[in-house]
Amino acid sequence: MRGGIVENLNAAADRLKPHGQVIDIQEYGSGNVNDTFLVTLDPEGEKHFILQRINTRVFCQPELITGNMRTLTEHVRARLQRAPVSAGRRWEVPRVLLTQDGHDHWVDSSGSFWRALSFVDAAQSFDTVKDIEHGSEVGYALGIFHGLISDLPADTLADTLEGFHITPRYLRHYDETLAQARLGSSPEVNYCLGFVSERRTWAHVLEDAKAQGRLRLQPIHGDPKVNNVMIDTATGQAISIVDLDTVKPGLVHYDIGDCLRSCCNPSGEETAGWEAVRFETDLCRAILRAYLSLARDFLTENDYEYLYEAIRLIAFELGLRFFTDYLEGNVYFKVRHRKHNLARALVQFKLTESIESQEATIRSIIQDMR
Ligand code: GN1
Ligand code: MG
């Protein structure tokens, strides 16, 4: 564990613990932005909770995140009381825990912003999809999540991260960064430069559709990648989507695209073997079938029109974000080495290429489900 924050970490755990004594704190998960810890308590009630230090360079107004989470949790709790999720399925939403004096976060002496969440017990998540059944469960999970918030007005949620998933803005930032960057030439960098340049005009596709009124803002998760879907260890069913930091108004397409770019890449987004990355259409079919079995009720005809573009765009966009961060000197995503973000960009661009080469198949999968 990184030494610098250990002291504040213990203080934060103590401040935000719901009860009992803290007996262990471990780094948890593989988040690229915030620092996440699993805290074990001397059990009187719940045995664990999640403690997070929010990256305030990314989330400039972190108190808005906890606000959105509380709005979402209250809405979902009321919905579940009226009608439980289908067929007796367990469904959980992580709760924001309050300090003893009723605050939903704590700021330490160095200005770090800490908050605590309830832990989804007896469940696990995976960095890649194991098989078709697992993929279907992820699809169901996103369908359940979108269904539960489909009647939550988008304007009840704050914009916690301005510009998130607005591809043209990432492109602008890329151009500014490129103008400043001192580029060493390498085949990988040249591949990325060419890759972005060939897709510039198309990158506006979803934002144009939004501006034309063809797609509408709704509450979204923002980051429904495979390892944010919790799978019940006993039943294998999806029972929760965690990591609600990016819940805010957006297009459901961002979520669908993000879920599929994450799930249909069996090599995973951290692979070093980027040349072998492929988009698996069998997984895509299973995930969309499960998702649409629930989402059919709230998607419009126009929504279907843009599904293929969303799948292609969000993979491209994440590649662009990683590549820009590499050029900028790794200021946004956490990295383990200097070229980490370049390696991640290559994975997403290769995935985008694989999506493009299977356009007809993916479009026909979508068409068959309408
Ligand atoms: C970041 O921090 P984490 O791992 O939950 C990023 C997502 C990316 C994801 C790629 C706020 O999520 O947009 O899709 O990395 N979150 C933010 O793994 O930028
Ligand atoms: Mg996230």
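**Notebook: loops, ligands and contacts**

Entry 1. I began with Asn 330, which lies in the loop between α10 and α11 (340-357) (helices, H or I, are DSSP runs of at least four residues and strands, E, of at least two, numbered from the N terminus). The model I am reading is predicted, so local features need pLDDT of at least 70 and side-chain atom pairs pLDDT 80 or more, while totals for chains, interfaces and linings use all residues. Residues are numbered from 1 along each chain as its sequence is written, chains are lettered from A and ligands numbered from 1 in the order written, and side-chain values use heavy atoms, without hydrogens and water.

I looked up the backbone of Asn 330 and found phi near 60°, a positive value in a residue other than glycine. Is Asn 330 buried or exposed? I list Asn 330 as buried because its relative accessible area is 17% (buried is under 20%, exposed over 50%, partly exposed in between, with a 1.4 Å probe and protein chains only).

Entry 2. I noted a positive phi at His 165 too, about 65°, although His 165 is not a glycine. I placed His 165 in the loop between α3 (132-149) and α4 (167-180). His 165 counts as buried because its relative accessibility is 2%.

Entry 3. I turned to the magnesium ion, which is ligand 2. Which residues coordinate it? I found Asp 223 and Asp 243, each through OD, at 2.0 Å (donors are N, O and S atoms within 2.8 Å of the metal, or 3.2 Å for Na, K and Ca; water is not among the atoms, so sites may look incomplete). I then traced where the pair sits in the chain. Asp 223 is in the loop between β8 (218-220) and β9 (229-232). Asp 243 is in the loop between β10 (238-241) and β11 (248-250). The two are 20 residues apart, and the pair links distant parts of the chain. Asp 223 counts as buried because its relative accessibility is 17%. Asp 243 stands at 25% relative accessibility, so I list Asp 243 as partly exposed.

Entry 4. I moved to ligand 1. How many residues surround ligand 1? I read 17, and the closest are Lys 225, Asp 243, Glu 269, Arg 321 and Tyr 332 (a residue is near if one of its heavy atoms lies within 4 Å).

I looked up polar atoms facing the oxygen atoms of ligand 1. A polar side-chain atom of Arg 321 lies 2.7 Å from one oxygen atom. A polar backbone atom of Asn 32 is 2.9 Å from an oxygen atom of the ligand. For Val 33, I found a backbone N or O atom 3.1 Å from an oxygen atom of ligand 1. On its own, ligand 1 has 440 Å² of accessible area, and the protein covers 95% of that (Shrake-Rupley method, 1.4 Å probe; for residues, only the protein chains shown count as cover). The elements that give two or more residues to the shell around ligand 1 are α7 (252-263) and α10 (307-328).

Entry 5. I followed Arg 89, found in the loop between α2 (62-82) and β4 (96-97). Arg 89 counts as buried because its relative accessibility is 13%. What does the side chain of Arg 89 join in a polar contact of 2.8 Å? I found the side chain of Glu 137 (a polar contact is a pair of N or O atoms within 3.5 Å; within protein, one must be able to donate a hydrogen and the other to accept it, and residues adjacent in sequence count only if both atoms are side-chain atoms). I also saw the side chain of Arg 89 reach the backbone oxygen of Ala 238 at 3.2 Å.

Entry 6. I looked at Glu 198, in the loop between α5 (187-197) and α6 (205-211). I list Glu 198 as exposed because its relative accessible area is 63%. The side chain of Glu 198 makes a polar contact of 3.4 Å with the side chain of Arg 199.

Entry 7. I finished in helix α8 (residues 281-295), which holds Ala 290 and Tyr 291. Ala 290 counts as buried because its relative accessibility is 4%. Tyr 291 is buried, with 2% relative accessible area. I looked up Tyr 140 against both. Ala 290 and Tyr 140 are 150 residues apart in sequence and 5.1 Å apart in space, C-alpha to C-alpha. For Tyr 291 and Tyr 140, I read 151 residues in sequence and 5.0 Å from C-alpha to C-alpha.
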